[in-house]
Amino acid sequence: MQISHPIIIAGLALVFSGCESWRFSAPVSDISIRTPGSWVAASTGSEGKISSGWLAEFSDADLTRTVNESLQHNRDLKAAATRLRVAEENSIIARAGMLPTAGLSGSGSITDSTSGDSRQSHSLNLAAAWEPDLWGRLRNLRQAAEAEERAALEDY
């Protein structure tokens, strides 16, 4: 017995049309979150500052040892520190691009000929260069490097 394609298509259409009644209704009640009418600031005057000795305030040697061990072996923290150092160096390089450069080189040679004469040659070369930042390219590179440094510091 062979079933024809129109019968299969009609059967599938009938099955999927029944799915229309499976719609979900909206939630009956809303979840309300209770928040205080006003927030009270800390009275110690710390204003978001974290004390540097906060770990010692717990007076727990096991906790201190665990935190120190975690900091020493934290690969993510080491990677973030390395990215910060790279960003700092890139920022220095970008600032240096706005300064003039100068170079000094020297050379000397002594040549002996077959007739017994010798010739001495000496040279001293000085080169200087400076790129005026007419279109702001160097300034933009410096600002981008400084922004990357700030981002790396925040990541760290």
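Arg-137 forms a salt bridge with Glu-131. A search of the whole structure finds 3 salt bridges. A salt bridge here is a side-chain nitrogen of Lys or Arg within 4 Å of a carboxyl oxygen of Asp or Glu.

This is a predicted model: local features need pLDDT of at least 70, side-chain atom pairs count only at pLDDT 80 or more, and totals for chains, interfaces and linings use all residues. Residues are numbered from 1 along each chain as its sequence is written, and side-chain values use heavy atoms, leaving out hydrogens and water.

**Arg-137 and Glu-131**
- The closest N and O atoms of this pair are 3.1 Å apart.
- Glu-131 has 39% relative accessibility, so Glu-131 counts as partly exposed.

**Helix 2**
- Arg-65 pairs with Asp-62 in a salt bridge, with 2.7 Å between the closest N and O atoms.
- Both residues sit in helix 2 (residues 61-72), 3 residues apart, about one turn of the helix.
- Helices are DSSP runs of H or I, at least four residues, numbered from the N terminus.
- Asp-62 is partly exposed, because its relative accessibility is 44%.

**Helix 4**
- Arg-142 and Glu-146 form a salt bridge at 3.6 Å, N to O.
- Helix 4 (residues 137-155) holds both Arg-142 and Glu-146, 4 residues apart, about one turn of the helix.
- Arg-142 is partly exposed at 21% relative accessibility.
- Glu-146 is partly exposed at 23%.

How values were computed:
Helix = DSSP H or I, 4+ residues; strand = E, 2+ residues; numbered from the N terminus. Buried < 20%, exposed > 50% of the residue type's maximum accessible area, 1.4 Å probe, protein only.
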